[in-house]
Amino acid sequence: MMTWGNEWNTAFDLVVFIRLENEMSLARHRKLNIERYRDGLLNNEKIKENSRLFLEWLINMKIQFIRALT
């Protein structure tokens, strides 16, 4: 189970979680990667692989987070 730690219980009066659908979130991150790395995504295998691995990690983290909330 995911926990935020006891300090979060008193740190804020209100916490708001904003959740985007996975496809919207991934589209946003893909766009940011394209803006950040531009030609590197086409020409540099390391950048391309790191981008793919990051998006894969992001999906897995979102899945774990959603499971922890349910």
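I started at Arg 38, which sits in the loop between helix 2 and helix 3. For helices I take DSSP runs of H or I with at least four residues, numbered from the N terminus.

The model is predicted, so I note the limits: local features need pLDDT of at least 70, side-chain atom pairs count only at pLDDT 80 or more, and totals for chains, interfaces and linings use all residues. Numbering runs from 1 along each chain as its sequence is written, and side-chain values use heavy atoms, with hydrogens and water left out.

**Arg 38**

I looked up the backbone angle here. Phi of Arg 38 is near 35°, positive in a residue that is not glycine. Most residues other than glycine have a negative phi. Arg 38 is exposed, because its relative accessible area is 56%. My cut-offs: buried is under 20% relative accessible area, exposed is over 50%, and partly exposed is in between, with a 1.4 Å probe and protein chains only.

**Helix 2**

Helix 2 (22-37) has 16 residues and spans 22 Å from first C-alpha to last, close to the 22 Å expected at 1.5 Å a residue. The expected span is 1.5 Å times one less than the number of residues.

Which residues of helix 2 are buried? I found Ser 25, Leu 26, His 29 and Asn 33. Seen down the axis of helix 2, these buried residues fall within an arc of 95°, so they line one face of the helix. The arc is taken from the directions from the helix axis to the C-beta atoms. On the other side of helix 2, I list Glu 23, Met 24, Lys 31 and Ile 34 as exposed. The cover over the buried residues includes helix 3 (40-43) and helix 4.

**Ser 25 and Leu 20**

Ser 25 counts as buried because its relative accessibility is 7%. Leaving aside neighbours within four places in sequence, Ser 25 is in contact with Leu 20, Leu 58 and Lys 62. Contact means heavy atoms within 4.5 Å.

I then followed Leu 20, which lies in the loop between helix 1 (7-11) and helix 2. At 35% relative accessibility, Leu 20 is partly exposed. Beyond its neighbours within four places in sequence, Leu 20 is in contact with Ser 25 and Lys 62.

**Helix 4**

Helix 4 has 25 residues and reaches 36 Å from its first C-alpha to its last, close to the 36 Å expected. I note Ser 51, Leu 55, Leu 58 and Lys 62 as buried in helix 4. Their cover includes helix 2 and helix 3.

**Largest pocket**

Last, I checked the largest pocket, with about 390 Å³ of space. A pocket is an open set of points on a 1 Å grid over the protein atoms alone, with protein on both sides within 12 Å along at least five of seven lines; lining residues have an atom within 4 Å of a point. Volume is the space filled by probe spheres set on the points, which are joined across faces, edges and corners.

I count 15 lining residues, and Ile 18, Leu 58, Met 61, Lys 62 and Phe 65 lie nearest the centre. Helix 4 gives the most to the lining, with eight residues.

Technical notes
1 Å grid on protein atoms, 1.4 Å probe; cavity = no way out; pocket = protein on both sides within 12 Å on 5 of 7 lines; lining within 4 Å. Helix = DSSP H or I, 4+ residues; strand = E, 2+ residues; numbered from the N terminus.
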